[in-house]
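Subject: Structure handover

Hello,

Here is the structure I promised to pass on. Please open it first, then read my notes below.

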Amino acid sequence: MAIPNIGFNHHKTNQAELEIIELSNLYTRSMIGHDPQVPHRVSFFMLVYIELGEGEHMVDFNHYRFGPGSLIFVQREQVHSFDFSGQPQGKVILFTQAFLDKVHANMRLPNYTPTHLNQQHNPILQLDSTHHARSHILIDQIQTEINTPASEPLIVMYLFSALALLLHRLRPALSHDNLSAEQSSKLARFFSLMQQHVQQVRDANWYAGKIHTTYKTLNQICKLATGLTAKQMIDAYTIVEIKRRLVVSKTTTQQLANDFGFEDSSNFVKYFKNQTELTPSQFIKHHLS
């Protein structure tokens, strides 16, 4: 059975584009219509806040240990799965790009950057007792405001911004704050173009031309933001997208070779193995066993 693609319920949130749910409410499939403990792809952003319990959370086929005070960041379009074996307690904050756009229009926050393409990226932030308590208060305040009659969206945005800035300060490895506004804009355009065209084009020079800059400049921006060259970013995005399609849609090796412009399936398998040290069939066997 294909892994589901999960969309955001805009109607449920009355177009507010942000929702907070109890983690324990996901234990049964009846609330959401699919099993959250098997891999699924999300079209929105997600923060999973763990108050009690331990386990492993899978994000894009890597498994990360969590415990009390863990905060798990899931980017939109990532494939992930929950682990409820330890009956963890906490909150799940769901929000859309539209919500982030509204936040950025009203206040200054760090821009989204695809740092998850770097293999050193860790989606889990472990909070100390002080920041655990502060995050708990802010999340509760967001939820209280959402549930208040005639809730004020601006208050929700300010509270969310306070939480986002608090958490961002605890992640010094996110060096993309060093980017200028112009560099951030170029990086965003590069990533957007890559999402649209990576099946046909994996030439960094082509992308540099499309955003009206040089390969050298694009390379510098990518290194500042993610620690990867432009070509490494393209390869990393290509591989993670191939992995998602192998699992999400169970696309065959031959079809993926065609979709991504390889001359034949053997070249595709060679490319995949060079990047991952696994063949596509070995990867599928490992993650669907």
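Lysine 91 and glutamate 22 form a salt bridge through their side chains, at 3.3 Å from N to O. This pair links distant parts of the chain. Lysine 91 sits in strand β9 (residues 89–95) and glutamate 22 in strand β2 (residues 18–22), 69 residues apart. Keep in mind that the model is predicted.

Are these two partners buried or exposed? Lysine 91 has a relative accessible area of 7%. The cut-off for buried is under 20%, so lysine 91 counts as buried. Glutamate 22 is partly exposed, at 29%.

Lysine 91 has another salt bridge, to the side chain of aspartate 140, at 3.9 Å from N to O. That pair also links distant parts of the chain: lysine 91 is in strand β9, while aspartate 140 is in helix α2 (residues 129–147), 49 residues away. Aspartate 140 is partly exposed, with a relative accessible area of 26%.

Next, helix α7 (residues 230–248). Glutamate 241 and arginine 245 both lie in this helix, four residues apart, which is about one turn. Residues three or four places apart on an α-helix point the same way, because there are 3.6 residues a turn. The side chains of glutamate 241 and arginine 245 meet in a salt bridge of 3.1 Å, N to O. Glutamate 241 is buried, at 5% relative accessibility. Arginine 245 is partly exposed, at 21%. Both belong to one network of salt bridges with shared partners, which also takes in Arg41, Asp60, Glu77 and Arg244. The whole structure has nine salt bridges.

Helix α3 is worth a look too. It covers residues 153–169. How far apart are its end C-alpha atoms? They are 24 Å apart. At the start of α3, a side-chain oxygen of glutamate 152 comes within 3.1 Å of the backbone nitrogen of leucine 154. The buried residues of α3 include Val156, Met157, Phe160, Leu163 and Leu167.

Last, the overall picture. The chain has 10 helices and 10 strands. Of its 289 residues, 50% are buried. Its accessible surface is about 14400 Å², and carbon and sulfur atoms account for 50% of that. Among contacts between residues at least 6 apart in sequence, 71% join residues at least 24 apart.

Best wishes

Note on methods
Residues are numbered from 1 along each chain as its sequence is written. This is a predicted model: local features need pLDDT of at least 70, side-chain atom pairs count only at pLDDT 80 or more; totals for chains, interfaces and linings use all residues. Side-chain values use heavy atoms; hydrogens and water are left out. Helices (H or I, at least four residues) and strands (E, at least two) are DSSP runs, numbered from the N terminus. Buried means under 20% relative accessible area, exposed over 50%, partly exposed in between (1.4 Å probe, protein chains only). Contact means heavy atoms within 4.5 Å. Accessible areas come from the Shrake-Rupley method with a 1.4 Å probe; for residues, only the protein chains shown count as cover. The expected span of a helix is 1.5 Å times one less than its number of residues. A polar contact is a pair of N or O atoms within 3.5 Å; within protein, one must be able to donate a hydrogen and the other to accept it, and residues adjacent in sequence count only if both atoms are side-chain atoms. A salt bridge is a side-chain nitrogen of Lys or Arg within 4 Å of a carboxyl oxygen of Asp or Glu.
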